[in-house]
Amino acid sequence: MDQPGRRRHRLRRGAAWTRQVAAQATAPSTGARRQVTCGPSLLMAGVTGAGKTHQAYGAVRVLVRAGLGVRWRATTAADLYAELRPGTATDAERVLAAYSRVPLLILDDLGAAKTSEFVEEQTYRLINRRYNHCLPTLITTNLAIKDLRTCLGDRVTSRLAEMTTRVSFEPVDRRRPQRAA
């Protein structure tokens, strides 16, 4: 498939995800605006600069433009782990609960942090809670989908495999100028 064809395919998968989330949105009362409260998740994998984060924020914009109420939060995996580390001035359990319960989460750069027991445990706790409550999560990673298991462990990747639609981006860093052939 040519590059424009791959881009269209990736955009179709993102559009299909937003349609699924929108279809599952519910109104808390008669006449109230429909809210995103549950739905599928999306895992976007590709090299640095491929446009994954841009697509994730774009998906949120599409939901908002569709008139849905969207309570959402975004963080990089590294920033999340920093907030959860023992000894920080924050209550780690409260932080994890907030990320676990927000109706829509963008988790950017999953797998970029150095692998450790702490990282694997915290990732598992977050993903497992979101999986159990069917909360939509937009996840970006620079890892190839096949490499996630090595970095995140079997429990996390098993849940990600079930809860997400996976989209692979072409290996082009859009931040770097392309040279003419």
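Me: Hey, how many bridges join E1 to strand E4, and in which sense do they run?
Reply: In this predicted model, strand E1 and strand E4 (residues 137–141) run parallel and are joined by 4 bridges. Within that pairing, Ala-45 stands opposite Thr-141 in E4.

Me: And which sense does the pairing of E1 with E5 have?
Reply: That one is parallel too: E1 and strand E5 (residues 164–168) pair over 5 bridges. Here Met-44 stands opposite Val-167 in E5.

Me: Which residues sit on which side of E1?
Reply: Ser-41, Leu-43 and Ala-45 are on one side, with Leu-42 and Met-44 on the other. Both faces are covered. In a regular strand, side chains alternate between the two faces of the sheet.

Me: Let's switch to helices. Which residues of H3 are buried?
Reply: In helix H3 (residues 77–84) they are Ala-77, Leu-80, Tyr-81 and Leu-84. They are on the same side of H3, because they cover an arc of only 95 degrees around the axis.

Me: Why would residues three or four places apart point the same way?
Reply: An α-helix has 3.6 residues a turn, so residues with that spacing point the same way.

Me: What covers those buried residues of H3?
Reply: The cover includes strand E2 (72–76), helix H4 (92–101), strand E3 (104–108) and helix H5 (117–132).

Me: Speaking of E3, I'm curious about Asp-108. Is it buried or exposed?
Reply: Asp-108, which has its place in strand E3, is buried. Asp-108 has no salt bridge.

Me: Which side chain of opposite charge is nearest to Asp-108, and how far away?
Reply: That's Lys-52, at 6.7 Å.

Me: What is Asp-108 in contact with, then?
Reply: Leaving aside neighbours within four places in sequence, Asp-108 is in contact with Thr-53, Thr-75, Thr-76, Ala-77 and Thr-140. Ala-77 is also one of the buried residues of H3.

Me: How many salt bridges does the structure hold?
Reply: There are 2. Glu-93 forms one with Arg-125, with the closest N and O atoms 2.7 Å apart. Glu-93 lies in helix H4 and Arg-125 in helix H5, so this pair ties together parts that are 32 residues apart in sequence. Asp-154 forms a salt bridge with Arg-149, where the closest N and O atoms are 2.5 Å apart.

Me: How accessible are Glu-93 and Arg-149?
Reply: Glu-93 counts as partly exposed at 43% relative accessibility. Arg-149 also counts as partly exposed, at 46%.

Me: New topic: how many aromatic pairs turn up in the whole structure?
Reply: The search finds 1. The rings of Tyr-57 and Trp-72 have centres 5.7 Å apart and planes at 80 degrees, so the pair is edge-to-face. Tyr-57 is in helix H2 (residues 52–65) and Trp-72 in strand E2, 15 residues apart.

Me: What about the accessibility of those two?
Reply: Tyr-57 is partly exposed at 32% relative accessibility, and Trp-72 is partly exposed at 36%.

Me: Last one: how many helices and strands are there in the chain?
Reply: The protein chain has 7 helices and 5 strands, in the order α-β-α-β-α-α-β-α-β-α-α-β along the sequence. Of its 181 residues, 43% are buried.

Terms used. Residues numbered from 1 in each chain as written. Predicted model: local features only at pLDDT ≥ 70, side-chain atom pairs only at ≥ 80, totals over all residues. Heavy atoms only, no water. Buried < 20%, exposed > 50% of the residue type's maximum accessible area, 1.4 Å probe, protein only. Helix = DSSP H or I, 4+ residues; strand = E, 2+ residues; numbered from the N terminus. Arc of directions from axis to C-beta. Contact = heavy atoms within 4.5 Å. Pairing = 2+ DSSP bridges. Lys, Arg positive; Asp, Glu negative; His and termini not counted. Salt bridge = Lys/Arg side-chain N within 4 Å of Asp/Glu carboxyl O. Phe/Tyr/Trp six-rings, centres within 6.5 Å; stacked < 30°, edge-to-face > 60°.
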